[in-house]
Amino acid sequence: MDAPDLGVEEHRRALAGLARLNAASRTATQLATRVAQAAQLNGIQPVRVLDIAAGGGDVTGGMARRLASLGVECEVLGLDMSGTAVERANAIATQTPNVRFQQLDVFQEPLPAGYDVVTSSLFLHHLTEDQTVELLRRCAAAAGALVISDLIRSRLGHCLAQIACRTLSRSPIVHYDGPQSVASAYTRDEMRELLRRAGLTNAAVQRCWPERMMITWRRGDASNPR
């Protein structure tokens, strides 16, 4: 899906397949639960959320709706470098008026200021170790809390990706990208080391469904479980 020559229609088809995978994985609910906890601990209302690599916007919008159901007011900006993804995301954002999307390359442009929590899902496994460390540092500098969901590299994760991608999508891009993404992902121990390099020594890296990790960090919090 990262290929620069990928056609628009094939890209849209892949984004739709990824949306079904995200729904089955309950990613939006998992992110929203942690964002709500961070907002409550910091006494923030409404909470301003910056979602990095938002893709087609399904997780971003779902997170905002779940936060509303939890009684948490929010304003959410989703960023993605793909114009095709941002176009699709803004088209479905009409259902969630407190969510908007903007095209931005987070490695070439500054992160927008004034946000309380930075979130992201299924992005870190696309990056090199040095890029991951750089992004974690920049996100931590931009907000008081991080909530990041990503894959765990494991045999179980690889098997689940093969089954889920072929069951929930007809896109050959998704069929290839799913298992390949697991192969490119980090283990929890590897992620802890990258967080240490980024200076986020109090971050938590917890396993969650389905064979994913949830990274949470809050500035000044020394109580996070490892």
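This is a predicted model: local features need pLDDT of at least 70, side-chain atom pairs count only at pLDDT 80 or more; totals for chains, interfaces and linings use all residues.

Biologist: What makes helix 6 roughly antiparallel to helix 7?

Modeller: The axes of helix 6 (residues 155-168) and helix 7 come within 8 Å and cross at roughly 165°. Angles over 145 degrees count as roughly antiparallel, and therefore helix 6 is described as roughly antiparallel to helix 7.

Biologist: Which residues make the contact between helix 6 and helix 7?

Modeller: On the side of helix 6 they are Gly 157, His 158, Ala 161, Gln 162, Cys 165 and Arg 166, and on the side of helix 7 they are Val 174, His 175, Gly 178, Pro 179 and Val 182. Sorted by class, the contact of helix 6 with helix 7 has five nonpolar, five polar and one charged residues.

Biologist: Why are helix 1 and helix 7 called oblique to each other?

Modeller: The axes of helix 1 (residues 8-25) and helix 7 come within 8 Å and cross at roughly 55°. Roughly parallel would need an angle under 35 degrees, and roughly perpendicular begins at 65, so helix 1 and helix 7 are oblique to each other. Helix 1 passes helix 7 in a right-handed crossing, where Glu 10, Arg 13, Ala 14, Leu 18 and Leu 21 of helix 1 meet Pro 172, Ile 173 and Val 174 of helix 7. The residues of this contact of helix 1 with helix 7 divide into six nonpolar, no polar and two charged.

Biologist: What makes helix 1 oblique to helix 6?

Modeller: Helix 1 and helix 6 pack at an angle of about 125°, with their axes 9 Å apart. The roughly perpendicular range ends at 115 degrees and roughly antiparallel requires over 145, which means that helix 1 is oblique to helix 6. The crossing of helix 1 and helix 6 is right-handed, and the contact involves Gly 17, Arg 20, Leu 21 and Ala 24 of helix 1 together with Ala 164, Cys 165 and Leu 168 of helix 6. By class, the contact of helix 1 with helix 6 has five nonpolar, one polar and one charged residues.

Biologist: Turning to the cysteines, how many disulfides does the structure hold?

Modeller: The structure holds zero disulfides. Cys 165 is in no disulfide, and the nearest cysteine sulfur, that of Cys 159, is 12 Å away, whereas a disulfide is counted for a pair of sulfur atoms within 2.5 Å.

Biologist: How do you know that Cys 208 is too far from the closest cysteine sulfur for a bond?

Modeller: The closest cysteine sulfur to that of Cys 208 is in Cys 165, at 17 Å, and against a limit of 2.5 Å this is too far for a bond.

Biologist: Why do Cys 165 and Cys 208 count as buried?

Modeller: Buried means under 20% relative accessible area; Cys 165, at 4% relative accessibility, therefore counts as buried, and Cys 208, at 11%, counts as buried too.

Biologist: Why is Gln 30 called buried?

Modeller: Gln 30 is found in helix 2 (residues 27-42), and its relative accessibility is 7%, so with a cut-off of 20% Gln 30 counts as buried. Leaving aside residues up to four places away in sequence, Gln 30 touches Ser 25, Cys 208, Trp 209 and Met 214.

Biologist: What makes Ser 181 buried?

Modeller: Ser 181 is placed in helix 7 (residues 172-184), and because its relative accessibility is 13%, under the 20% cut-off, Ser 181 counts as buried. With residues up to four places away in sequence left out, Ser 181 touches His 125 and Leu 151.

Biologist: How do you know that Arg 218 counts as buried?

Modeller: Arg 218 lies in strand 7 (residues 212-218), and at 19% relative accessibility it is under the 20% cut-off, so Arg 218 counts as buried.

Biologist: Why is Arg 26 called partly exposed?

Modeller: Arg 26 is found in the loop between helix 1 and helix 2, and its relative accessibility of 46% falls between the 20% and 50% cut-offs, so Arg 26 counts as partly exposed. Phi of Arg 26 is near 60°, a positive value in a residue other than glycine.

Technical notes. Residues are numbered from 1 along each chain as its sequence is written. Side-chain values use heavy atoms; hydrogens and water are left out. Helices (H or I, at least four residues) and strands (E, at least two) are DSSP runs, numbered from the N terminus. Buried means under 20% relative accessible area, exposed over 50%, partly exposed in between (1.4 Å probe, protein chains only). Contact means heavy atoms within 4.5 Å. Axes are lines fitted to C-alpha atoms, for helices over the stretch in contact, and angles run from 0 to 180 degrees between N-to-C directions. A crossing is left-handed if the near helix is turned anticlockwise from the far one by less than a right angle, and right-handed if clockwise. Ala, Val, Leu, Ile, Met, Phe, Trp, Tyr, Cys and Pro count as nonpolar, Asp, Glu, Lys and Arg as charged, and the others, Gly among them, as polar.
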